[in-house]
Amino acid sequence: MLNTIIDEKLQQLGVTKNYKGYNQLKEVLILATEDDTRLFSAVKNIFKPLAESHGCTYHSFVKNISTISRKIWAENNEKLCEMAKYELQNEPTVCELIAILVADIQREFCYTCANCKAE
């Protein structure tokens, strides 16, 4: 279910599976949705372990997600602001994008309550 929700959110933002960072971002969102305290130290808790599992460096992992962030900002920043629930003045950083998407997923699908579980 969580995979489907994330696919729908990314599709709403115009992000398709042809981006190298698509599955990387999706994995980040799964981890951060399951435990949003991981965002406090995203490099240590999310980016480095996932980059290693993908066989790439932390920098290339984040660069792939940054490419998606730039696309969203250039083509769908109004939808991103709607998801964020506030007006963004500048393109969000990778961590800000992730935090916005995680909060939107949690608001809509109640992943912060004890009865909700990710797939």
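The structure is a predicted model, in which local features need pLDDT of at least 70, side-chain atom pairs count only at pLDDT 80 or more, and totals for chains, interfaces and linings use all residues. Residues are numbered from 1 along each chain as its sequence is written, and side-chain values use heavy atoms, with hydrogens and water left out. A search of the whole structure finds two aromatic pairs.

**Aromatic pairs**

- A pair of aromatic rings is described by the distance of the centres and the angle of the planes.
- Rings of Phe, Tyr and Trp (its six-membered ring) pair if their centres lie within 6.5 Å; planes under 30 degrees apart count as stacked, over 60 as edge-to-face and the rest as tilted.
- F47 and Y58 form a tilted pair, with 6.4 Å from centre to centre and 40° between the planes.
- F47 belongs to helix α3 (residues 42–53) and Y58 to helix α4 (residues 58–84), so this pair ties together parts that are eleven residues apart in sequence.
- Helices here are DSSP runs of H or I with at least four residues, numbered from the N terminus.
- The ring centres of F47 and F61 are 6.3 Å apart and their planes stand at 55°, so this pair is also tilted.
- F61 lies in helix α4 and F47 in helix α3, so the pair ties together parts that are 14 residues apart in sequence.

- F47 has a relative accessible area of 2%, whereas Y58, at 25%, counts as partly exposed.
- Leaving aside residues up to four places away in sequence, F47 touches V28, A42, Y58, F61, V62, V94, C95 and I98; contact means heavy atoms within 4.5 Å.

**Nonpolar core**

- A nonpolar core is a set of buried Ala, Val, Leu, Ile, Met, Phe, Trp, Tyr and Cys residues joined through side-chain atoms within 4.5 Å.
- The largest such core has 35 residues, of which L10, V28, L29, F47, L80 and I98 touch the most other members.
- The elements α1 (2–12), α2 (22–34), α3, α4 and α5 (94–109) each give two or more residues to this core.
- Helix α4 gives the most, with ten residues.

**A buried serine**

- S69 is placed in helix α4 and is buried, at 2% relative accessibility.
- Not counting residues up to four places away in sequence, S69 touches E91, P92 and L97.

Technical notes: Buried < 20%, exposed > 50% of the residue type's maximum accessible area, 1.4 Å probe, protein only.
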